[in-house]
Amino acid sequence: MSGNFKEKFSMWMAGDLDPMEHVIDAAEVHDIPRQERKKSMRAAEMRVLKTSKAQKVITAERQGFYKVYTVVAIISCLMLIGVLLFTVANLPRYGEENPMAVEVTSRYIEEGLQETGAINIVSGMILDYRAFDTLGESHVLFTALLCVLILLRKDRKTTEMAANGLYAIGTDEYRDISKDMIMRIVGAFLLPSIFMYGIYILLNGQNSPGGGFSGGAVIGAGLIIFASAYGFDKVDRFFTPGVFKTVIFSSLAFYSFAKGYVFFTGANGLDNHIPKGTPGAILSGGMILPLDIAVGMVVACTMYGFYSLFKRGNVGSD
Amino acid sequence: MDFITNFPLFTIVLSLFSGALCFMLSGNAAKKYTLRFQGVMIVLCAAVLFYTIRTGTSFTYVMGEFPAPWGNEIRAGSLEAMTALFFMVIMICSVSGGYRFVDMDLDESKVNLYYALLNLMTAALMSLIWTNDIFTGYVFLEILTLTSCGILIVREIGRTTLAAMRYMILNLVGSGLFLLGVVLLYDFTGHLLMVPMRKAISLLWAAPANRPTLILSTGILTIGLAIKSGLFPFHFWMPDTYGYATPTSGSVLSSLVSKAYIFLLIKIYYRVIGPEIFAQMPIGRILMVLGICGMIFGSLQAMSTNNCNRMIAYSSAAQIGYIYMGIGIGSTAGYLAAVFHIFAHSVTKSMLFLTTPRLAEVSGDSLKFKEMTGSGMRDRDAGAFFLVGSFSMIGIPIFAGFSSKIFFGLAAVGSSNIKLILVMLALAVSSMLNAIYFIRTSIRIYSMPEGRDQGEVRAHHRIGYNLPMFVLTAINLFLGLFSWVAADLIEHGLMMFG
């Protein structure tokens with residue numbers, strides 16, 4: 001036994017012994033050596049077959065584990081549900097035990113209009129009272145866009161792989177619905193009103209439900225319908241990668257600096273010289289309108305960008 | 001009001017702007033810009049630190065025209081400023097020590113996106129450090145989650161994509177639980193700013209009927225952040241995530257991102273729940289037990305892997321366990337030890353993650369121990385820095401790891417007998433296990449490969465090439481030799497933290 005241990009220990013020291021060897025971890029991807037990378041479609045198919053065979057063996061070996069896993073998962077979900085139900089059932093009655101609970105909301109409702117100049121309290125709340133959170137929220141969208149760009153934008157590697165038939169890049173030809181007559185005619189009727197409606201929601205966020213996020217989503221949806229009805233080449237005439245980048249950059253930069261200016265003046269007790277306007281007019285609510293426009297631009301570009309990236313791996317033409 | 005009080009705002013807004021700017025720049029320009037910008041950030045954070053030490057108090061900064069319970073607010077004390085400064089130093093070292101590998105691992109058309117993500121991550125880290133509002137914490141937690149998945153997938157080998165998927169799912173579960181906790185606490189208190197929340201919670205805690213629900217809400221929030229930072233039963237994403245990312249990402253993820261979640265958790269315990277009330281909750285004890293389990297199991301798993309980066313990643317799980325153990329002790333000394341270990345571990349782990357790729361580079365791009373035999377002699381600088389990192393991890397005197405173990409011991413001595421025995425045993429066993437696998441690795445990289453000569457020796461004479469490593473070594477030695485300076489600062493910071 002001791003000799004055995006000594007032997008094993010020296011093997012471990014030398015990096016020869018792999019104690020995890022007999023444990024097949026289904027989640028481990030085994031790297032394929034570079035020289036063995038397959039060049040033809042057939043080889044790729046073989047690789048998939050091989051992997052799925054190995055997967056089957058692993059699954060058979062691990063069936064017991066998966067059974068236990070399912071049971072434990074169900075039990076822990078049920079426990080979480082129980083805990084949450086218990087907590088919700090035992091919450092103190094609203095505003096009774098804790099008089100502080102209504103302090104903030106009542107101020108928003110009662111004085112929101114005077115303080116922010118916005119009839120829509122929600123807009124006043126997210127873009128004025130708690131504008132810092134919304135500043136972060138608009139950058140969440142931008143971050144998601146960056147991640148999708150990293151994953152889906154065509155680069156040298158994916159183009160090479162596509163040339164060898166190992167990777168499918170969507171093209172305009174792929175299930176091209178732009179030759180569809182119904183799409184074109186309905187689009188001609190619908191699109192003007194969709195864009196008008198989107199702009200209306202965007203510009204009227206301080207007075208009625210709406211604002212940057214919802215208005216931008218409508219405009220983005222309009223762009224997507226436009227692209228699928230008339231083809232990407234029509235959109236590419238005005239929506240080049242340069243325009244895409246510039247619009248997103250300028251909207252975000254404007255947002256950051258405008259809000260930075262308001263935070264700076266507010267914290268230092270300076271006058272920020274931004275007129276509140278008459279409530280109800282388009283030009284009212286102080287900074288809310290320009291910020292809504294900036295957010296709307298980012299949302300619209302992000303939505304169309306996602307569609308274009310998924311469809312053809314790029315935002316504008318190559 | 002002094003002008004310096006505006007600097008925390010500037011750090012956040014400028015890094016958000018830098019993220020958008022790097023999106024426009026070319027890859028190389030984005031890299032140069034990011035490095036210079038991080039230099040500016042270090043100056044800003046250092047100024048705030050000097051200001052808070054000089055005035056001896058923390059200050060709140062209203063974000064907009066509306067004061068505390070109605071509008072957002074950030075707050076800076078010396079602990080926040082110190083953490084922000086430290087995070088920025090680690091960040092600039094990780095970027096400057098790893099950009100060579102970023103250029104190798106990434107497609108060149110996507111390098112600028114990588115730096116854009118890093119700048120957004122900086123903004124999120126800064127906001128989590130400065131915020132005095134729990135919902136702002138959630139918003140920037142989301143940015144941190146997305147950016148950390150983003151800097152993981154940029155390498156685009158199958159393995160990182162898979163690891164990123166797993167990491168993202170677990171992280172979203174964590175975010176969801178955190179959000180549930182925040183919603184429940186908001187329902188209790190009617191506030192989202194930390195100071196009024198604490199007032200309302202101490203009012204509600206007085207009625208015993210509210211206690212179970214308050215404990216459960218805090219518990220849900222804690223589990224969320226524990227999943228995200230990789231506490232014991234939730235640490236299985238760590239080796240894949242840290243082990244295969246490009247070195248800068250591995251270093252940033254392990255030393256900054258997971259620590260930012262823990263910093264937010266400590267902030268919530270101090271500012272929202274209040275340390276006295278938290279001490280009455282059973283959560284601390286559970287965290288301590290889980291932390292100790294993590295210390296032991298993380299080390300055992302680190303011993304049984306054949307890949308150097310995976311070993312270091314598993315050892316991260318063990319070190320996260322140390323930090324949670326410190327929080328679980330519950331006294332000020334415990335928090336001090338936990339915060340000190342956040343610093344000590346960050347500086348050591350980033351160093352290890354930045355040296356192993358250099359050792360792998362001279363070993364045929366392999367991180368397997370067998371191929372790495374003798375790599376310390378082929379790249380002498382990298383070998384030496386790896387040794388510094390391992391010694392600090394083991395806890396050899398004069399290095400930072402030793403001081404943090406002393407602080408954990410001291411914190412345990414001040415608490416109850418059971419905690420004392422548990423902590424001391426855990427420290428002893430875990431240090432021994434740490435020593436076993438780090439000494440094994442050190443011996444491996446310094447032994448002569450069998451049957452062949454030592455191989456080509458790489459010489460790097462330019463000082464700039466190793467500069468980030470020298471900076472990290474200097475901080476490590478400073479934390480080890482002058483630990484009382486750092487400890488005084490942290491204690492002072494914790495006093496004005498609550």
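Me: Between which helices of chain A is A:I119 found?
Reply: The position of A:I119 falls in a loop of chain A. The helices on its two sides are α4 (103-116) and α5 (121-129).

Me: Is A:I119 buried, partly exposed or exposed?
Reply: A residue needs 20 or more other C-beta atoms within 10 Å to be buried, and 12 or fewer to be exposed. For A:I119 there are 17 other C-beta atoms within 10 Å, so the residue is partly exposed.

Me: With which residues is A:I119 in contact, leaving aside its neighbours within four places in sequence, and how far apart in space are A:I119 and A:P279?
Reply: Beyond those neighbours, A:I119 is in contact with A:L113, A:Q206, A:N207, A:P279 and A:G280. In sequence, A:I119 and A:P279 are 160 residues apart. Their C-alpha to C-alpha distance is 6.3 Å.

Me: Over which residues of chain A does pLDDT stay under 50?
Reply: Chain A averages a pLDDT of 80, and 78% of its residues score at least 70. Where pLDDT is low, the predicted coordinates should not be read in detail. In chain A that score stays under 50 over a stretch with 13 contacts beyond four places in sequence, namely residues 21-40.

Me: Which helix of chain B gives the most residues to the side that touches chain A?
Reply: Across the two chains, 69 residues of chain B are in contact with 55 residues of chain A. The side of chain B that touches chain A divides into 38 nonpolar, 20 polar and 11 charged residues. The helix that gives the most to this side, with 11 residues, is α5 (residues 134-153) of chain B.

Me: How does the radius of gyration of chain B stand against the globule rule?
Reply: Chain B comprises 21 helices and 2 strands. The globule rule gives 23 Å for 498 residues, and chain B is close to that value, so it is as compact as a globular protein of that length; its radius of gyration is 22 Å.

Me: What share of the residues of chain B count as buried?
Reply: The C-alpha trace of chain B spans about 75 × 55 × 45 Å along its principal axes. Among the contacts of chain B with a separation of 6 or more, 78% join residues 24 or more positions apart. Of the 498 residues in chain B, the share that count as buried is 62%.

Me: How are helix α3 and helix α21 of chain B oriented to one another?
Reply: Helix α3 (residues 78-105) of chain B packs against helix α21 (residues 483-495) of chain B at an angle of about 130°, with their axes 7 Å apart. That angle makes the relation of α3(B) to α21(B) oblique.

Me: Which residues of α3(B) meet α21(B)?
Reply: The residues at the contact of α3(B) with α21(B) divide into 5 nonpolar, 3 polar and no charged. On the α21(B) side are B:L489, B:I490, B:H492, B:G493 and B:L494; on the α3(B) side are B:S78, B:L79 and B:M82.

Me: What is the phi of B:I398?
Reply: Most residues other than glycine have a negative phi. B:I398 is in the loop between α17 (380-394) and α18 (400-413) of chain B, and is exposed, with 12 other C-beta atoms within 10 Å. Its phi is positive, near 75°.

How values were computed
Residues numbered from 1 in each chain as written. Chains lettered and ligands numbered in written order. Predicted model: local features only at pLDDT ≥ 70, side-chain atom pairs only at ≥ 80, totals over all residues. Helix = DSSP H or I, 4+ residues; strand = E, 2+ residues; numbered from the N terminus. Rg over C-alpha atoms; globule rule 2.2 N^0.38 Å. Contact = placed C-beta atoms within 7 Å. Axes fitted to C-alpha atoms, helices over the stretch in contact; angles between N-to-C directions. Parallel < 35°, antiparallel > 145°, perpendicular 65-115°, else oblique. Nonpolar A, V, L, I, M, F, W, Y, C, P; charged D, E, K, R; others polar. pLDDT = per-residue confidence, 0-100.
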